[in-house]
Amino acid sequence: RPSKTHLGWYILRLGGALFMLEAGTHIYPVLALARVGGLDRLRPAVGAAAVFFILNLMWLKFLIIWRFARAWALADGIDVPENMHRAMCNHFSVVGFWKCWH
């Protein structure tokens, strides 16, 4: 059974990830730009940077969903293994990212 201290720190990490997602979507509104089709009006270098931010924000969304579900399981006394060990940018290839995540 996980300790309450471990659960508290995990919920704090979940809150930090949620804060980063909120800050990221407010500072860099690339998801809204993609939704309205504004990426095609950007220069190629800026468009590539926008797609890079979109991928990072999508990874952060999945991280929050996973951490919320894992925190719920920890609160129920079930110690589920961590699924997302490293950030998206901490991989050297798509294959490495996929193997780490799955």
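How many cavities of 30 Å³ or more does this structure hold? The count comes to 1.

## Model and conventions

This is a predicted model, in which local features need pLDDT of at least 70, side-chain atom pairs count only at pLDDT 80 or more, and totals for chains, interfaces and linings use all residues. Residues are numbered from 1 along each chain as its sequence is written, and side-chain values use heavy atoms, without hydrogens and water.

## Cavity

The largest cavity has a volume of about 40 Å³. A cavity is a set of points, on a 1 Å grid over the protein atoms alone, where a 1.4 Å probe fits but cannot get out. Grid points are joined across faces, edges and corners, and the volume is the space filled by probe spheres set on the points.

Trp-59, Met-84, Arg-86, His-91, Phe-97, Cys-100 and Trp-101 line the largest cavity; a lining residue has an atom within 4 Å of a point. Helix 4 (residues 94-101) gives the largest share of this lining, 3 residues. Helices are DSSP runs (H or I, at least four residues), numbered from the N terminus. By class, the lining has 5 nonpolar, 1 polar and 1 charged residues. Ala, Val, Leu, Ile, Met, Phe, Trp, Tyr, Cys and Pro count as nonpolar, Asp, Glu, Lys and Arg as charged, and the others, Gly among them, as polar.

## Pocket

The largest pocket holds about 200 Å³ of space. A pocket is an open set of points with protein on both sides within 12 Å along at least five of seven lines. Its lining counts 13 residues, and Met-20, Gly-24, Asn-56, Leu-57 and Leu-60 lie nearest the centre. Helix 1 and helix 3 are the elements that give two or more residues to this lining. The largest share, 5 residues, comes from helix 3.

What classes of residue line the largest pocket? There are 11 nonpolar and 2 polar residues, and no charged ones.

## Aromatic pairs

The count comes to 3 aromatic pairs. Rings of Phe, Tyr and Trp (its six-membered ring) pair if their centres lie within 6.5 Å; planes under 30 degrees apart count as stacked, over 60 as edge-to-face and the rest as tilted. Tyr-28 and Phe-53 make a stacked pair, 4.6 Å centre to centre with 10° between the planes. Tyr-28 lies in the loop between helix 1 (4-27) and helix 2 (30-35), and Phe-53 in helix 3 (residues 44-75), so the pair ties together parts 25 residues apart in sequence. Tyr-28 is partly exposed at 42% relative accessibility. Phe-53 is also partly exposed, at 31%. Partly exposed lies between buried (under 20% relative accessible area) and exposed (over 50%), with a 1.4 Å probe and protein chains only. Ring pairs link Tyr-28, Phe-52 and Phe-53 into a cluster.

The Phe-68 and Trp-72 pair is tilted, because the ring centres are 5.8 Å apart and the planes meet at 55°. Phe-68 and Trp-72 are 4 residues apart in helix 3, so about one helical turn separates them. Phe-68 is partly exposed at 47% relative accessible area, while Trp-72 is exposed at 55%.

## Charge over a ring

Arg-70 lies over the face of Tyr-10, at 4.8 Å from the ring centre. The rule requires NZ of Lys or CZ of Arg within 6 Å of the ring centre and within 35 degrees of the ring normal.

## Helix 2

Ala-32 lies in helix 2. Ala-32 is partly exposed, with a relative accessible area of 47%. The C-alpha atoms of Ala-32 and Ile-54 are separated by 9.8 Å, and the two residues are 22 residues apart along the chain.
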